[in-house]
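Take a look at the fold, and then we can go through the packing together.

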Amino acid sequence: MKKFKLLVMSLTVITIAAMTPNAVAQTTQNVQQLEKDIEMHEKNIKEKEDAIKSLEERIDELKSQLKDLENQKKNLEKEMKTEIKTRKDKFTTRDELVYDQEIVDVLYNPYNKEDVEDALKSFEGMETKDVIKKKELVEKYGEYTKNLKEFLEKQKTELAKAKWTYQSSASDTYKKFEKGLKGTKYWKIYNKKEKNESIDYLDRVMDKVMLFKNDGLKSETQLNQILNLLYAN
């Protein structure tokens with residue numbers, strides 16, 4: 001093996017020795033060009049390393065800025081939630097105040113068309129759901145009043161036929177009256193007034209109707225008094 005290597009080296013020396021001056025010069029130029037190319041690549045590598053380092057520093061800077069922006073965003077979102085809640089609370093206070101000052105009296109007093117129309121205007125711009133729910137009561141106040149009055153007027157005719165005699169809960173007249181009363185449009189509201197919003201004035205009228213019923217439907221005077229409460233303006 002050693003003999004083989006020595007042979008190769010000897011041949012190489014002989015080959016170089018046998019080269020012409022031009023060939024030697026060409027070989028030198030190739031080496032120099034390769035060295036220049038290597039230097040150029042090393043320079044390019046150094047420039048790119050520096051550029052990468054600069055970019056990494058810029059990325060770190062942007063990450064810091066991004067983190068700061070995210071914190072600013074979170075703070076703004078927190079502040080906005082507070083503003084929204086505060087606004088909602090003030091709107092609720094405002095809507096309830098408007099209801100108490102401009103609407104509640106309409107439901108406490110006998111139905112009046114003009115008062116109802118004005119009250120409905122007061123609901124404009126409201127946002128509080130619990131207050132807005134009461135709007136339907138105002139809208140239907142006249143309808144509820146008319147329906148109840150028509151029912152009682154019809155019953156007055158029927159009770160007159162019975163000559164205003166006492167009606168027990170077992171009588172057909174009593175049962176028909178009770179069934180008809182429960183069929184009036186306001187009954188469902190009145191029947192759940194302990195848990196839901198209702199019309200205060202009609203609640204008081206219905207209380208009198210219930211008393212009239214429980215007394216045996218025998219007093220024409222009592223019924224006329226109730227009817228007088230339902231003549232709307």
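Buried residues (under 20% relative accessible area with a 1.4 Å probe, protein chains only; exposed means over 50%, and partly exposed lies in between) make up 24% of the 233 residues in the protein. This is a predicted model, in which local features need pLDDT of at least 70 and side-chain atom pairs count only at pLDDT 80 or more, while totals for chains, interfaces and linings use all residues. Residues are numbered from 1 along each chain as its sequence is written, and side-chain values use heavy atoms, with hydrogens and water left out.

**Overall make-up**

- The protein has ten helices and zero strands, where helices (H or I, at least four residues) and strands (E, at least two) are DSSP runs numbered from the N terminus.
- From the N terminus on, the elements read α-α-α-α-α-α-α-α-α-α.
- Taking contact as heavy atoms within 4.5 Å, 67% of the contacts between residues at least 6 apart in sequence join residues at least 24 apart.

**The nonpolar core**

- A nonpolar core here is a set of buried Ala, Val, Leu, Ile, Met, Phe, Trp, Tyr and Cys residues joined through side-chain atoms within 4.5 Å.
- The largest one has 39 residues, and Leu152 and Leu181 have the most contacts inside it.
- Helices H2 (21–108), H3 (113–122), H5 (135–139), H6, H7 (172–182), H8 (187–191), H9 and H10 each supply at least two residues of this core.
- H9 gives the most to this core, with seven residues.
- Which residues does leucine 152 contact, leaving aside its neighbours within four places in sequence? They are Phe177, Val209, Leu223, Ile226, Leu227 and Leu230.
- As general background, nonpolar side chains tend to be buried together in soluble globular proteins.

- Gln222, Leu223, Ile226 and Leu227 are the buried residues of H10 (residues 220–228).
- They cover an arc (taken from the directions from the helix axis to the C-beta atoms) of only 140 degrees, which puts them on the same side of H10.
- Thr221 and Asn228 are exposed on the face of H10 turned away from its buried side.
- The buried residues of H10 pack against helix H6 (141–161) and helix H9 (200–214).
- H9 and H10 pack at an angle of about 165 degrees, with their axes 10 Å apart; axes are lines fitted to C-alpha atoms, for helices over the stretch in contact, and angles run from 0 to 180 degrees between N-to-C directions.
- That angle makes H9 roughly antiparallel to H10 (under 35 degrees counts as roughly parallel, over 145 as roughly antiparallel, 65 to 115 as roughly perpendicular and the rest as oblique).
- Val205, Lys208, Val209, Leu211 and Phe212 of H9 make the contact with Gln222, Leu223 and Ile226 of H10.

- Tyr174, Phe177 and Leu181 are buried in H7.
- Their arc around the axis is only 65 degrees, which puts them on the same side of H7.
- On the other side of H7, Asp172, Lys176 and Lys179 are exposed.
- The buried residues of H7 pack against H6, H8 and H9.
- H7 and H9 pack at about 165 degrees with axes 11 Å apart, which makes H7 roughly antiparallel to H9.
- In this pair, Tyr174, Phe177, Glu178 and Leu181 of H7 meet Met206, Val209, Met210, Phe212, Lys213 and Asn214 of H9.
- H6 and H7 pack at about 170 degrees with axes 11 Å apart, and they are therefore roughly antiparallel to each other.
- The H6 side of that contact is Leu148, Phe151, Leu152, Gln155 and Leu159, and the H7 side is Thr173, Phe177, Gly180 and Leu181.

**Helix H3 and alanine 119**

- Val116, Ala119 and Ser122 are buried in H3.
- Seen down the axis of H3, the buried residues fall within an arc of 110 degrees, so they line one face of the helix.
- The face of H3 turned away from its buried side carries exposed Glu114 and Lys121.
- Alanine 119 counts as buried because its relative accessibility is 0%.
- Leaving aside neighbours within four places in sequence, alanine 119 is in contact with Glu102, Ile103, Val106 and Val138.
- Alanine 119 and valine 104 are 15 residues apart in sequence and 8.7 Å apart in space, C-alpha to C-alpha.
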